[in-house]
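Please look at the sequence and the structure shown below.

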Amino acid sequence: CSTGIPFDGGLRCLCWKILLNYLPLEKALWSSLLKKQRDLYSQFLKEMIIQPGIAKANLGVSREDVTLEDHPLNPNPDSRWNTYFKDNEVLLQIDKDVRRLYPDMAFFQRPTDYPCLLILDPQNEFETLRKRVEQTTLKSQTVARNRSGVTNVSSPLKTTPNALSEYEVLPNGCEAHWEVVERILFIYAKLNPGIAYVQGMNEIVGPLYYTFATDPNSEWKEHAEADTFFCFTNLMAEIRDNFIKSLDDSQCGITYKMEKVYSTLKEKDVELYLKLQEQNIKPQFFAFRWLTLLLSQEFLLPDVIRIWDSLFADDKRFDFLLLVCCAMLTLIRDQLLEGDFTLNMRLLQDYPISDVHLILKKAKELQDSK
């Protein structure tokens with residue numbers, strides 16, 4: 001896998017599921033495990049995407065009027081409404097980020113072949129997350145104060161040049177791929193309140209979902225959402241420390257890893273290391289994004305996916321990523337040695353080499369030269 005997985009026949013989707021410890025090595029266990037996990041995910045959907053007090057028609061529960069004991073203004077922290085509004089804050093942040101996923105590709109704006117029937121089933125009266133976001137943003141946007149302090153209730157349609165109106169709205173019963181990603185992140189945030197949602201997680205889930213949702217094997221492709229969720233959860237378990245601010249300076253935090261990029265560079269190319277030190281170019285200026293987002297922002301999606309083949313196959317779990325970062329630095333060493341601070345910052349924040357095979361080959365050389 002580390003030399004690149006062929007896409008044919010859904011091989012990459014299968015390998016990633018094994019490398020991310022979603023599927024066991026024992027092939028005979030696959031179908032029962034997948035069924036169990038996909039059922040569990042459906043359960044999460046039923047429990048977490050439902051507005052308080054909404055009919056659960058198909059679950060055999062009649063509509064209940066929750067406003068008797070629990071109402072939107074109930075200050076009790078256990079109130080379902082309280083949770084609902086708190087969730088909305090997280091949801092709005094996720095929504096803003098997933099709508100912008102890979103804007104140069106139409107894929108995430110297109111409708112999925114397998115919309116979530118559980119949520120879109122008219123009998124259920126479940127509210128889609130997109131609807132929930134639209135209602136929340138419209139409520140906050142319709143009331144605007146003008147300069148003299150007079151409150152204007154403006155027409156929401158005219159005042160939302162934001163993301164809501166940027167894309168054509170899909171007809172009822174359809175959902176775009178970005179909406180699926182939004183649901184995955186929302187459920188992850190609900191199940192992991194300690195970390196919830198941090199900006200950048202959308203960039204981690206995007207390539208996973210894209211890979212599974214374009215699987216040539218249609219019976220796997222149909223379950224791309226659930227499979228992505230569990231693979232993302234497993235991947236986050238390994239890299240979540242990068243997203244937790246309070247761990248930044250601990251041995252498992254991001255600062256330690258950034259310093260490690262520089263200490264590795266010092267071993268491999270002391271001249272370049274000293275030049276960056278002398279210009280006071282700190283690793284956090286560029287390596288923070290490289291490491292936290294597993295290089296997903298530095299290259300085009302197909303290239304990111306190729307890099308991830310090597311990263312997921314790394315048995316030392318992301319040690320290879322440090323070498324890839326070093327390789328990226330050494331491949332532009334001549335420009336860096338000549339450039340001044342401003343020029344070098346531009347090079348590092350908008351990395352000039354797009355040939356990832358060259359970068360991976362260099363990283364492998366660095367690994368072998370230990």
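Of the 15 residues of H6, 13 are buried, so this helix is largely enclosed by the rest of the structure. Buried means under 20% relative accessible area, exposed means over 50%, and partly exposed lies in between, with a 1.4 Å probe and protein chains only. Helix H6 covers residues 177–191; its end C-alpha atoms are 22 Å apart, which agrees with the 21 Å that its 15 residues should span at 1.5 Å a residue. The expected span is 1.5 Å times one less than the number of residues in the helix.

The model is predicted: local features need pLDDT of at least 70, side-chain atom pairs count only at pLDDT 80 or more, and totals for chains, interfaces and linings use all residues. Residues are numbered from 1 along each chain as its sequence is written, and side-chain values use heavy atoms, with hydrogens and water left out.

The protein chain holds 17 helices and two strands. Helices (H or I, at least four residues) and strands (E, at least two) are DSSP runs, numbered from the N terminus. The chain has 370 residues, of which 47% count as buried. Contact means heavy atoms within 4.5 Å. Among contacts between residues at least 6 apart in sequence, 71% join residues at least 24 apart.

Helix H7 spans residues 201–213. From first C-alpha to last, its 13 residues reach 18 Å, close to the 18 Å expected at 1.5 Å a residue. H7 is largely enclosed by the rest of the structure, because 12 of its 13 residues are buried. Among the buried residues of H7 are Met201, Ile204, Tyr209 and Ala213.

Which residues of H1 meet H7? Arg12, Cys13, Trp16 and Lys17 do so, and their partners in H7 are Pro207, Leu208, Thr211 and Phe212. By class, the residues of this contact of H1 with H7 are five nonpolar, one polar and two charged. Ala, Val, Leu, Ile, Met, Phe, Trp, Tyr, Cys and Pro count as nonpolar, Asp, Glu, Lys and Arg as charged, and the others, Gly among them, as polar. The axes of H1 (residues 11–19) and H7 come within 9 Å and cross at roughly 130°. Axes are lines fitted to C-alpha atoms, for helices over the stretch in contact, and angles run from 0 to 180 degrees between N-to-C directions. H1 and H7 are therefore oblique to each other; angles under 35 degrees count as roughly parallel, over 145 as roughly antiparallel, 65 to 115 as roughly perpendicular and the rest as oblique.

A second pair is H13 and H17 (residues 356–368), whose axes come within 10 Å and cross at roughly 20°. These two helices, H13 and H17, are therefore roughly parallel to each other. Asp303, Arg306, Ile307 and Ser310 of H13 make the contact with Val356, His357 and Leu360 of H17. The contact of H13 with H17 has three nonpolar, two polar and two charged residues.

Two loop residues remain. Most residues other than glycine have a negative phi. Asn280, however, has a positive phi, near 60°. Asn280 sits in the loop between H11 (270–278) and H12 (287–292), and is partly exposed at a relative accessible area of 45%. Leu294 also has a positive phi, near 50°. Leu294 lies in the loop between H12 and H13 (301–312) and counts as buried, at 1% relative accessibility.
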